[in-house]
Amino acid sequence: MKFKLYIFLLLFSTMIFAQQKQVETSIDTTKNKIGAEFKLSLKTVVTSTSKVEFPKLKNIGPLEVIQSYPIDTVKKDGTYELIKKYGLTQFDSGRYTIPSIKILIDKKPFFSDSIKVEVANVKVDTLQQKMYDIKDISSVDEGMGNWWIYVLIVLAIIGIGAFVYWYVKKRQLKKIEEEVYKTPIEKATSLLNNLEQKELVQKGEIKEYYSELTDIARNYIEEAIHIPAMESTTSELISAIREASTKKKMTLTPETVENLERVLRQADLVKFAKSKPLDFEITEDRNKIQKVILTLDNAIPTEAPEDIEDQLLNEAQRQKQIKEQLRKKRNARIGYSIAAVILLLFVTTTYFVVTKGFTYVKDNVIGHPSKELLEGEWVKSAYGSPAVLIETPKVLKRMDTEKVLPKETMALIKEMQLFTYGSMIDNFYITVSTAKFKQPTDIDLSKALEGSLKVMEAQGAQNIIVKQEDFQTNEGIQGVKGYGTMTILNPATKTSTKAYYELLLFKQDQGLQQILILHEEGDTYANDITTRVLNSVELQRASN
């Protein structure tokens, strides 16, 4: 009766797991020659709103991925059938196991079936086939990667910031030059010379030429005679000059005032009536303005000369004002440049967030601990006895086993070595352990898996979900793999984190070898680390 009940439960559980199957696994052939391609196909059926992530792999178990084919999508009755194919090969003959592959569907892990394949030797007829010497090793240039793009972007942003600084400085220096002339006549004379150097007339920019020419005259009148010339019309300005000449006792001839009025009205016609004076008229107007300014300057009554001490004091004050102006302008330039750089960084960051996603920007700019482990320099080393040869992102540190295992367990063990990196509450945790028992023991790997999970439970693991399957190394050593999720309680912060784990167990010569990898669930970089670590596992065969 019990036997029938076990058979019923076995069939029932098989039906349940068959109904929950999300990933179908197939391969085009299970027997192939060295270097030939196996095509591994993974198929899943999902809704239109589901997000499926197939892993990017360089190796799948002992086989090398030589081609990752694009995902084929087939729409069927409101669902989508996604088919992902990997081209695999192996250059050593033997029987191999393609391990299960983790696929994320809506961020939930699902696993493909493991498949056994056989790689056969290619028969070579050395009598008919010509033999050649081995060629020398040729170096292959490594690709630069994409880092140079980010360097160019940063350099471009810095260059734009420097350009903004230079451009603002140039504009500010012109302003300062205009502000620090000793006298209004010195300023007006210098600006008239600069106007001719711009060659606006030769370029056909007559309107701009007359605008600057009259502005120079108006600015001089405003600063020297103290008349609001810039805000006055031509008629108002001429009337104000005549009144000022009477009040200030300026000896001005009617011809001087008429010449000024004639040029101002000519400028009004050019600016508002689109008049086009002839070249000789433009030259005459420029000479008239220069002569008017010089005449006005000579007509202004001179004040009593200052004492030498007053002159020195005024000059010192003027130099002090110039330095203060330069300091303020420099601070303004720096502010404009920083604002330009911040704006460009914001625009660039926004672009990458929109096109690549926030996670990409955060991981590449701010950094991600698992990403740094994955892209760092890895270490391949042997741990324990019989040795476990494994490749890891960091060297594993030897731990004191008496602090980890209870005394009852240690009493049964003859020799044990434990090596770890990180801890259960870190982003990534890996342990490698080897143990030999004092008495001959028939080791049950399934029970050993349960015992290891109980040790983890004692260290803070909760809600452990376990799945179990067979595992085989590249050398053909059989073992057991347990994997699933658990909740890790942090005793310091009293917070919990959902974690994913994979645990390998092997038995050799009354000994037990274990490899545990644990990381935060959903960490894609940690998933890649786990795959690479497990693909590198090699075991030293115990000597009987």
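In this predicted model, helix H4 (residues 206–224) packs with helix H6 (residues 254–272) at an angle of about 140 degrees, and their axes are 9 Å apart. An angle of about 140 degrees makes H4 oblique to H6. The crossing in which H4 passes H6 is left-handed. On the H4 side, the contact is made by Ile206, Lys207, Tyr210, Ser211, Leu213, Thr214, Arg218 and Ile221; H6 contributes Leu260, Val263, Leu264, Gln266, Ala267, Val270 and Lys271. Sorted by class, the contact of H4 with H6 has nine nonpolar, three polar and three charged residues.

Turning to aromatic rings, a search of the whole structure finds five aromatic pairs.

Tyr383 belongs to strand S13 (residues 379–383) and Phe419 to strand S16 (residues 413–421), so their pair ties together parts that are 36 residues apart in sequence. Tyr383 is buried, with a relative accessible area of 4%; Phe419 is also buried, with a relative accessible area of 6%.

Phe471 lies in strand S19 (residues 467–472) and Phe506 in strand S21 (residues 495–508); the pair therefore ties together parts that are 35 residues apart in sequence. Both Phe471 and Phe506 are buried.

Finally, Phe111, Tyr483 and Tyr500 form one aromatic cluster.

Technical notes:
Residues are numbered from 1 along each chain as its sequence is written. This is a predicted model: local features need pLDDT of at least 70, side-chain atom pairs count only at pLDDT 80 or more; totals for chains, interfaces and linings use all residues. Side-chain values use heavy atoms; hydrogens and water are left out. Axes are lines fitted to C-alpha atoms, for helices over the stretch in contact, and angles run from 0 to 180 degrees between N-to-C directions. Helices (H or I, at least four residues) and strands (E, at least two) are DSSP runs, numbered from the N terminus. Angles under 35 degrees count as roughly parallel, over 145 as roughly antiparallel, 65 to 115 as roughly perpendicular and the rest as oblique. A crossing is left-handed if the near helix is turned anticlockwise from the far one by less than a right angle, and right-handed if clockwise. Contact means heavy atoms within 4.5 Å. Ala, Val, Leu, Ile, Met, Phe, Trp, Tyr, Cys and Pro count as nonpolar, Asp, Glu, Lys and Arg as charged, and the others, Gly among them, as polar. Rings of Phe, Tyr and Trp (its six-membered ring) pair if their centres lie within 6.5 Å; planes under 30 degrees apart count as stacked, over 60 as edge-to-face and the rest as tilted. Buried means under 20% relative accessible area, exposed over 50%, partly exposed in between (1.4 Å probe, protein chains only).
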